[in-house]
Amino acid sequence: MATMKDMIPAFELVQPTTVEDAIALLNEHGANAWVLAGGLDTFDWLKDRIKRPEVVVDLGGISEMRGITDAEGGLEIGAMTTLTEVVNHQRVRGEFGLLATAAGQVATPQIRNQGTLGGNVSQDTRCWYYRSGWPCYRAGGNTCYASAPLAMNREHAIMGRNRCVAVNPSDTAPALVALDAKMIVQDRRRPFVHDAEDFFIGPSIDITRMTVMKPGDLLTRIYIPATWANSSFYFEKVRDRGSWDFQLVSVAAAFRMSGSTIEQARIAVNGVAPYPVRLEAVERLVAGRTPDAATQDAAGDLAVRGARALRHNDYKIPMMRNLVRRAVRSVSA
Amino acid sequence: MIELWRRTQNPWGQDVLIGVSWDLMWVAVVAAALFFVGHSIWHRMRTKAAHAPEAAPARAPAGIPERIQRHSLAARLFHWSMAAAMLTLLLTAFVPVMGLDIPSWVTIHWIAGVALILAIVYHIIHSIGWQDFWSMMSFGPSFFREGFAHMRHIASSRAPEPKAGKYPFDHRMYHHAIIVVALSAVVTGVIMMMRIDTPFFAMNPYLLSDQSTGLVFAIHGVAGVSLILLIASHIYFALRPEKRWITWSMVRGWVDREHYLAHHDPAKWVVTGDSGSSRQPASGALADSSVSAPRDDA
C-alpha cells in the first residue's frame with residue numbers, strides 16, 4: 001500500500017468551547033498557536049507548508065462567538081458569525097446595508113457559508129511573495145520582494161507603505177471602518193475595544209501583523225453602533241473577474257444627508273494600502289456641500305493626494321479617484 | 001537557548017543570514033543591569049577601604065582660575081544633539097522589538113540616524129579644526145602607562161587614581177569604543193536606508209546580494225546591541241554621585257578648581273589661567289586654547 005508522505009505538517013488540534021478556554025490556550029502556546037475560524041485563510045497557509053503551527057485552536061465550538069444581537073441601538077456580531085449570516089440578517093440588511101453589501105461580495109456563496117466575519121477582517125495579506133514563503137519583511141526577513149524594481153506588484157499598495165507594500169484583502173474591513181465599528185479584542189486579562197480604523201495597522205507600526213492583535217489575543221465580537229444606521233451607503237469593489245476574487249480597490253462610504261446636502265460622511269478605501277484607509281480629509285471636504293460634479297472631482301482628487309505607484313500598479317490611482325467620485329455621486333439627486 | 005543570529009532560506013533555497021538575534025538585545029539589557037549592580041557593590045567596597053589619594057603635586061600651578069572650561073558651547077551642543085539622536089535611535093530600534101508599538105518607528109529611526117550623521121560630521125570638523133583632536137585619538141606610550149595605572153587602580157584599593165590630562169583613560173577608551181560601534185551602525189544604516197523610501201535614495205532592495213545584505217543587517221544589529229551597553233553605562237556613570245561633576249561640566253562647560261586639581265594633572269592638562277578667575281562666567285565663551293591647551297603627553 002502506498003504511503004503518502006507529503007502531508008500538512010502535524011499539529012495538535014484543540015477545540016475550546018468558551019472564550020476563556022480559547023484565550024488560555026492561545027496564551028499557553030503563544031506564537032506556536034494558530035487561530036482557526038472558518039479556515040479559508042488558514043488552510044491555504046497550512047497546505048502550502050508556509051505556516052507550521054504546533055497547535056491549532058479551532059473556534060468553531062464557541063457558541064458565544066456566533067450570532068447577531070441587538071446592543072445599545074446597534075448590533076453586536078460575534079466574530080464567528082458566517083458572512084452568509086451577516087448578509088442575510090434582517091437588521092444588517094435594513095439598517096447597515098453597507099456591511100451586508102460588502103460581506104455579500106466576498107468570494108463565493110460557498111466561501112461565505114464557511115467564512116466568518118472575524119476571519120475576514122483578520123485574514124493575512126495576499127501578497128504572493130509573502131504567501132509563497134519568501135523571507136520578506138512581513139515574514140521576519142529583511143527584504144520586500146514586491147517593491148523591487150522588477151517586481152510584479154500590480155495588486156500592491158499605492159499609499160501607507162513602509163518597507164512592505166502588501167495590501168489588506170478584506171472586503172468587510174472598509175465597511176466596518178465606514179460604519180465606525182468597534183472591535184472587541186480579548187487578551188488574557190480583559191477585553192479591549194478598538195475603533196475599526198485603529199484595529200487595522202500598517203507596517204510602520206508592526207510589519208509582521210495586519211491588526212492590533214498579538215499572539216494570545218482573540219477578536220470575539222464586533223459592535224456596530226447606531227450612529228450610521230439607515231444612512232445612505234455606497235460600496236463598490238473592483239476586481240479582475242466577476243466573482244471569487246479579491247479587490248483591486250474597493251470603497252465603502254456612509255453619508256448622512258440633509259436634503260440635497262451631505263451633512264456628514266465616512267469613507268474608507270481598501271486595496272490601496274496595508275490597511276483600510278479612512279479618508280478623513282475627503283469627509284471634511286464633502287461635509288456641508290452638495291454632491292455635485294465639482295464636489296465629486298474635488299473628493300476624488302483629494303483622496304489620491306500623496307499616492308505613489310509602484311512599477312505595475314499606477315492604474316490604482318485613477319481607479320481610487322474614480323471610486324471616491326462615484327461614492328460621492330451616489331448621493332447626488 | 002540563546003541564539004546569536006537570525007537565519008532563513010532565501011527564495012533559491014540558500015541558507016542566508018538576515019540579522020542579529022533579538023535574544024542579544026536582552027543579553028545586553030541584562031549585562032548592563034548586572035554591570036550597574038556589580039560596579040555599585042565594587043564602588044561601595046572600595047569607598048570603605050578608601051585608599052590614599054595620589055600625592056598632590058608639590059606645587060599647584062599659580063593662577064588656576066576657580067572655573068576651568070572643559071567643554072566649549074559648540075562641543076556641548078554636539079554632545080547633547082548626539083545624545084538625543086542616539087537615544088531616539090535606540091528607542092525606535094528596540095522598543096518595538098520589546099513589544100511596544102511605536103508608529104512610524106522606521107521613519108523616526110532613519111531621521112534620527114541622519115541627525116546623528118550630521119552631528120558626527122560636525123564633531124569631526126570641529127575637533128580637527130578647533131580641539132585637540134590628535135591628543136584625544138593618539139595611542140602614545142603615556143596612553144598605555146595611564147592605562148596600566150588605571151587598571152592597577154581598579155584592581156587594588158591601594159593603587160591611587162592616576163591623574164589624567166583633560167581626558168582620562170576610561171573616557172578615551174569609551175570614546176574609541178563609541179567611534180567603532182557608532183560608525184559601524186552609521187555605515188550599515190546608510191546602506192539599509194537604500195532599501196527603504198527616503199528622499200535620499202531610489203529604493204532598491206537588490207543593491208546587495210542576500211548574503212551581503214544579511215551581513216549588513218547583522219553588523220547593524222551587533223552595533224545596536226553594543227550601543228545598549230555603551231549608552232546605558234554612559235548614563236549610569238553620568239548619574240553616579242562621584243562623577244556628577246563631569247556631567248555638570250557637559251551642561252555648564254566648566255569644572256571647578258577643586259575637581260581639576262583632584263582628578264587632573266596640571267602638567268598634562270595645562271590651564272593658562274590668566275583669563276580665568278573665580279568670577280569667570282560659565283558661558284563656555286572662553287576660547288578652548290586658553291584653558292585647554294594640547295596635551296603634552298601625546
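In which hand does helix 12 of chain A pass helix 13 of chain A? The crossing is right-handed. The legends below describe close-up views of a predicted model.

**View 1. Helix 12 and helix 13 of chain A cross each other.** Helix 12 covers residues 293-303 of chain A, and helix 13 covers residues 316-329. Their axes come within 8 Å and cross at roughly 145°. On the side of helix 12 of chain A, the residues that meet the partner are A:T295, A:Q296, A:D297, A:A299, A:G300, A:D301 and A:A303. Helix 13 of chain A contributes A:M320, A:R321, A:N322, A:V324, A:R325, A:V328 and A:R329. Sorted by class, the contact between helix 12 and helix 13 of chain A has 5 nonpolar, 4 polar and 5 charged residues.

**View 2. An open sheet in chain A has 4 strands.** The strand order is 9-10-11-12, and the pairing is antiparallel. Strand 9 (232-238) and strand 12 (277-278) of chain A are the edge strands, each pairing on one side only. Strand 10 (residues 249-258) and strand 11 (residues 261-270) of chain A run antiparallel and are joined by 9 bridges. Within strand 11 of chain A, A:V269 is the residue that stands opposite A:V251. Helix 13 of chain A lies across strand 9, strand 10 and strand 11 of chain A. The angle between helix 13 and strand 10 of chain A is about 25°.

**View 3. A:R131 is found in helix 8 of chain A.** This helix spans residues 128-131. Is A:R131 buried or partly exposed? A:R131 counts as partly exposed because it has 18 C-beta neighbours inside 10 Å, while a buried residue needs 20 or more. Neighbours within four places in sequence aside, A:R131 is in contact with A:I50 and A:R126. A:R131 and A:R163 are 32 residues apart in sequence, and their C-alpha atoms are 17 Å apart in space.

**View 4. Chain B contains 10 helices and 4 strands.** Along the sequence, the elements of chain B follow the pattern β-β-α-β-α-α-α-α-α-α-α-β-α-α. Chain B has 298 residues, and 24% of them are buried. Of the contacts in chain B with a separation of 6 or more, 74% are between residues 24 or more positions apart.

**View 5. Helix 3 of chain B has 26 residues.** Helix 3 of chain B covers residues 105-130 and reaches 36 Å from its first C-alpha to its last. That span is close to the 38 Å expected at 1.5 Å a residue. Which residues of helix 3 of chain B are buried? They are B:W105, B:V106, B:H109, B:W110, B:A112, B:G113, B:L116 and B:A119. What covers these buried residues includes helix 2 (73-94) and helix 6 (169-193) of chain B.

**View 6. Helix 6 of chain B packs with helix 7 of chain B.** Helix 7 of chain B covers residues 210-239. The two helices pack at an angle of about 145°, and their axes are 9 Å apart. Helix 6 of chain B passes helix 7 of chain B in a left-handed crossing. Residues of helix 6 of chain B in this contact include B:Y174, B:A177, B:I178 and B:V181. From helix 7 of chain B, the contact includes B:V216, B:I219, B:H220 and B:A223. By class, the contact of helix 6 with helix 7 of chain B has 12 nonpolar, 7 polar and no charged residues.

Technical notes
Residues numbered from 1 in each chain as written. Chains lettered and ligands numbered in written order. Predicted model: local features only at pLDDT ≥ 70, side-chain atom pairs only at ≥ 80, totals over all residues. Axes fitted to C-alpha atoms, helices over the stretch in contact; angles between N-to-C directions. Left-handed = near helix turned anticlockwise from the far one by under 90°. Contact = placed C-beta atoms within 7 Å. Nonpolar A, V, L, I, M, F, W, Y, C, P; charged D, E, K, R; others polar. Expected span 1.5 Å × (residues − 1). Buried ≥ 20, exposed ≤ 12 C-beta atoms within 10 Å, placed from the backbone. Pairing = 2+ DSSP bridges.
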